[in-house]
Amino acid sequence: MKILIIVSLLLQLTTTLWADVSYNQYIDMKKEAYSLYENGDKNAAISSVNQFIKVYPKNIRAQNLLAVFHYWSGNFAQSKVILQNILKN
């Protein structure tokens, strides 16, 4: 019983640490992407988000950010596809 509790706690700790790293990296990427977008480099902003998604493909926040950038850029069809994929998963 004690072993199960220890294993459970280790799994929770590992998951929490991994999630925090992913979240912190997302925040850094988001700041950079917004800065690029606001300075008129829309393609670099979208590329930055795409690169992050390659590393963290299940990060819904990043996928949503990508949809927002596509929407703001006038690429409504791509934004819609991304949002539909989020909803499917």
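Helices and strands here are DSSP runs, helices of at least four residues and strands of at least two, numbered from the N terminus. By that definition this predicted model has 4 helices and 0 strands in its chain. Read from the N terminus on, the elements run α-α-α-α. The chain has 89 residues, and 26% of them count as buried.

- Take the contacts between residues at least 6 apart in sequence: 43% of them join residues at least 24 apart.

**Helix H2**
- H2 covers residues 42–55.
- It has 14 residues and reaches 21 Å from first C-alpha to last, close to the 20 Å expected at 1.5 Å a residue.
- Its buried residues are Ala 45, Ile 46, Ser 48, Val 49, Phe 52 and Ile 53.
- Seen down the axis of H2, these buried residues fall within an arc of 155 degrees, so they line one face of the helix.
- An α-helix has 3.6 residues a turn, so residues three or four places apart point the same way.
- Asn 43, Lys 54 and Val 55 are exposed on the other side of H2.

**Ser 48, a polar residue in H2**
- Ser 48 is found in helix H2.
- Its relative accessibility is 13%, and buried means under 20%, so Ser 48 counts as buried.
- Beyond residues up to four places away in sequence, Ser 48 touches Met 29, Glu 32, Ala 33 and Leu 36.

**The loop between H2 and H3**
- Lys 58 has its place in the loop between helix H2 and H3.
- Lys 58 is exposed, because its relative accessible area is 77% and the cut-off for exposed is over 50%.
- Lys 58 and Ile 86 are 28 residues apart along the chain, and their C-alpha atoms are separated by 9.1 Å.

- Helix H3 spans residues 60–72 and is included in what covers the buried residues of H4.
- Trp 72 lies in helix H3.
- With a relative accessible area of 45%, Trp 72 is partly exposed.

**Helix H4**
- H4 holds 13 residues, 76–88, and should span 18 Å at 1.5 Å a residue; its end C-alpha atoms are 18 Å apart, which agrees.
- The buried residues of H4 are Ser 79, Ile 82 and Ile 86.
- They cover an arc of only 65 degrees around the axis, so they sit on the same side of H4.
- The face of H4 turned away from its buried side carries the exposed residues Ala 77, Lys 80, Leu 87 and Lys 88.

**Ile 86, a buried residue of H4**
- Ile 86 lies in helix H4.
- At 16% relative accessibility, Ile 86 counts as buried.
- Leaving aside neighbours within four places in sequence, Ile 86 is in contact with Ile 60, Gln 63 and Asn 64.
- The C-alpha atoms of Ile 86 and Asn 64 are separated by 7.8 Å, although the two residues are 22 residues apart along the chain.

How values were computed
Residues numbered from 1 in each chain as written. Predicted model: local features only at pLDDT ≥ 70, side-chain atom pairs only at ≥ 80, totals over all residues. Heavy atoms only, no water. Expected span 1.5 Å × (residues − 1). Buried < 20%, exposed > 50% of the residue type's maximum accessible area, 1.4 Å probe, protein only. Arc of directions from axis to C-beta. Contact = heavy atoms within 4.5 Å.
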